[in-house]
Each structure stands twice: as C-alpha cells, then as structure tokens.
Amino acid sequence: MWNCRVALRNKCSKSANRDAVLAFVFLKFAGDKFENRRQEIIKENGDNKIFLEKVVFYQAKNVFYLSKTSRWTYIVMNASRDDIAILLDQVLADIEEKNSSLKGALPLRFFSSLGVNKNDIKALIDEINKISEQRFNEKDLIGRVYEYFLQNFAIDEAQEKGEFYTPKFIVD
C-alpha cells in the first residue's frame, strides 16, 4: 500500500496524489465487485448475454454496472497507452453515466489535467493491481484499503497545514 502512496509523490500535489490513488482504489473495488457479481450471474443463468449485460442484475445487488471498456481488467490491459489519462477520464465518465447513483460523485477530466506522464500512471495502476483478496485473505480488502488511504491522506494533509489530526475511525 505504501508503494501506491509514493507512486506519484513529487509528481503532482499531495491532494492530486490522494485523489488519483483513491480514484484507482475505487476503480479496482468496483471492478472486483463487478467481476464477482458477473460470475454469480453466470452460475445462476449461464453465459447468456441477456443477463450478463443487464444493468439491473448488477445494481439489484448494490454493484455498479461497468461496460467492457470501464472494467479494471480493461484498464490494466491498456495501462501503457499513450493516452491512458484520457482513457481513465472516459472510464469514470462512463461509470457515472451507467450508474445514476454516482452522478456528480466521480472526478471527471481529472487524469488528463493531472500533468503526470503515462509511465507514472501505469506504475500506480500496477501497484493498485497488486491489491487482491486472494493475496491478502481479507473479505472486504478494498474497503479497508480505502479507509487506510483516507486516514493516512487526512493525517498528511493535517500535518501539511500544521494541524493536529485525530482520526475519526480506526482501521483494525
């Protein structure tokens, strides 16, 4: 997890670093939940495209629907593209468009305005991709990683401002 925090260190502002890491953790989390739900649908209904591409079958289980070009696996496969920042902005816009509960919640046009080169973005994608339930044996691993980053970025920001920060939650 430390490598995720330092992948963009000194390459953009601390707040932009935080937002990039949290956006990727969200994309990984959403991608993992989507793939797990997709496998459940296959077990229940077979490999039938009618069921697999129906948004309601995902949202009924509180899973965000992800089009093929918005899934974590697609992001990882395309991480070396010259236009990865633009691709990521499109991914976030597509996810927001397909999932009305996310309207206004995702950072749009964020990665293309970040000013970070494609190799640094790929390095961060590679680090986030190492986070997996299988590797760390934790049921809600991505949720706990998200909490970890929120807490640590809040501490960093408070220290930067010369404030004392008391965490509102503790990660076990």
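Reader: How many helices and how many strands are in the chain?
Author: Please keep in mind that this is a predicted model. Read from the N terminus on, the elements run α-α-α-α-α-α-α-α-α. The count for the chain is therefore 9 helices and 0 strands.

Reader: What percentage of the residues in the chain are buried?
Author: A residue is called buried when its relative accessible area is under 20%. Of the 172 residues in the chain, the buried share is 41%.

Reader: Which share of the contacts with a separation of 6 or more comes from residues 24 or more positions apart?
Author: Contacts here join residues whose heavy atoms lie within 4.5 Å. Among the contacts in the chain with a separation of 6 or more, residues 24 or more positions apart account for 63%.

Reader: Is Asn62 buried or exposed?
Author: Asn62 sits in the loop between α4 (55-59) and α5 (72-77), and Asn62 has a positive phi of about 60° although it is not a glycine. The relative accessible area of Asn62 is 71%. Because the cut-off for exposed is over 50%, Asn62 counts as exposed.

Reader: Where does Arg109 lie, and what is its relative accessible area?
Author: Arg109, which is not a glycine, also has a positive phi, of about 55°. Its place is the loop between α6 (84-98) and α7 (118-129). Arg109 is exposed, and its relative accessible area is 63%.

Technical notes: Residues numbered from 1 in each chain as written. Predicted model: local features only at pLDDT ≥ 70, side-chain atom pairs only at ≥ 80, totals over all residues. Heavy atoms only, no water. Helix = DSSP H or I, 4+ residues; strand = E, 2+ residues; numbered from the N terminus. Buried < 20%, exposed > 50% of the residue type's maximum accessible area, 1.4 Å probe, protein only.
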